[in-house]
Number of protein chains: 2
Amino acid sequence: MKSLLIVAHGSRKMASNDEVRQLTDRIKNKINSEFDFITPAFLELAEPSIPDGLRQCIDAGSSDITVLPYFLSAGRHVTEDIPSEVQSVSQAHPDIKIHITPHIGGIEQLADLMIEQVTIQ
Amino acid sequence: MKSLLIVAHGSRKMASNDEVRQLTDRIKNKINSEFDFITPAFLELAEPSIPDGLRQCIDAGSSDITVLPYFLSAGRHVTEDIPSEVQSVSQAHPDIKIHITPHIGGIEQLADLMIEQVTIQ
């Protein structure tokens, strides 16, 4: 059973966190075969935390979890903080496979999406 | 003559600003007919500023500028700060058409890109 955890920074503004939750819901509605469980998680300032989100995936029966960092920049949050939070859960559950994908800003096709956005106006 | 200004937040980390500059270059290489001039700009902490970036576009001969906010969340920066910076230049140049597109997090197809990212591993 596979899970997808979409990890955002988290904000003091509830509306920003809700944006991430709504995007997660949109993805959930579009993708129904690949992942059995999809949930957002936040590095800080909102719930669930990354460890809590991962535990939700494990509690849902997942043995294979994909973590997608919803960040544009490969700053410390992406290169250190998220891997460290993931590792804390990973060490306690060595039987669970957890894979972190490139962050949004690191997706090669993002340039194409932006080009589409500015040329189809 | 049309210009594209890719507006990021800007960071104290030079590498993060360079990521935006590299993305701008990738877009520049992929899209050569639609825009005559493409440049990044930063809300704060890096150069050029949004007004300076817009003035570069105008100096390059543009009368039609598209501003693409490189932000994931529709926070104050996207809803207030960028429009306000754009307006300051717009008021001084009423003959120049400046259009702000939805931010990256507001692009409908971003969900599809994320799905592609997690399913083609």
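**View 1. The open sheet of chain B in this predicted model.** In chain B, four strands make up an open sheet in the order 2-1-3-4, and their pairing is parallel; two strands count as paired if DSSP finds at least two bridges between them, while strands (E, at least two residues) and helices (H or I, at least four residues) are DSSP runs numbered from the N terminus. Strand 2 and strand 4 (97-100) of chain B are the edge strands, each of them pairing on one side only. Neighbouring strands of this sheet are turned by 20° against each other on average, direction ignored, where axes are lines fitted to C-alpha atoms, for helices over the stretch in contact, and angles run from 0 to 180 degrees between N-to-C directions. This is a predicted model in which local features need pLDDT of at least 70 and side-chain atom pairs count only at pLDDT 80 or more, whereas totals for chains, interfaces and linings use all residues, and side-chain values use heavy atoms, with hydrogens and water left out. Residues are numbered from 1 along each chain as its sequence is written, and chains are lettered from A and ligands numbered from 1 in the order in which they are written.

**View 2. Strand pairing and helix packing in chain B.** Strand 1 (residues 2-8) and strand 3 (residues 64-69) of chain B pair in the parallel sense over six bridges, and Ser3(B) stands opposite Ile65(B) in strand 3 of chain B. Helix 2 of chain B packs on the sheet and touches strand 1, strand 2, strand 3 and strand 4 of chain B, its direction making about 165° with that of strand 2 of chain B; contact means heavy atoms within 4.5 Å. Helix 3 (residues 76-92) of chain B also packs on the sheet, touching strand 1, strand 3 and strand 4 of chain B, with a direction that makes about 175° with that of strand 4 of chain B.

**View 3. The sheet of chain A and its edges.** The four strands of the open sheet in chain A have the order 2-1-3-4, with parallel pairing. Strand 2 (37-42) and strand 4 (97-100) of chain A stand at the edges with a single partner strand each, so one side of each is left without a neighbour in the sheet. Strand 3 (residues 64-69) and strand 4 of chain A pair in the parallel sense over four bridges, and Thr66(A) stands opposite His99(A) in strand 4 of chain A.

**View 4. The loop between strand 2 and helix 2.** In chain A, this loop holds Pro48(A), which a cis peptide bond joins to Glu47(A), with omega about 0°. Leu45(A) is placed in the loop between strand 2 and helix 2 of chain A and has a positive phi of about 70°, although Leu45(A) is not a glycine. In chain B, the peptide bond from Glu47(B) to Pro48(B) is cis, with omega near 0°.

**View 5. Where the two chains meet.** Here 41 residues of chain B are in contact with 41 residues of chain A. The two chains bury about 3,600 Å² between them, 64% of it on carbon and sulfur atoms; buried area is the accessible area (1.4 Å probe) that two parts lose on being put together, summed over both. In chain B, Leu72(B), Met114(B) and Gln117(B) lose the most area to chain A, together 18% of what that side buries.
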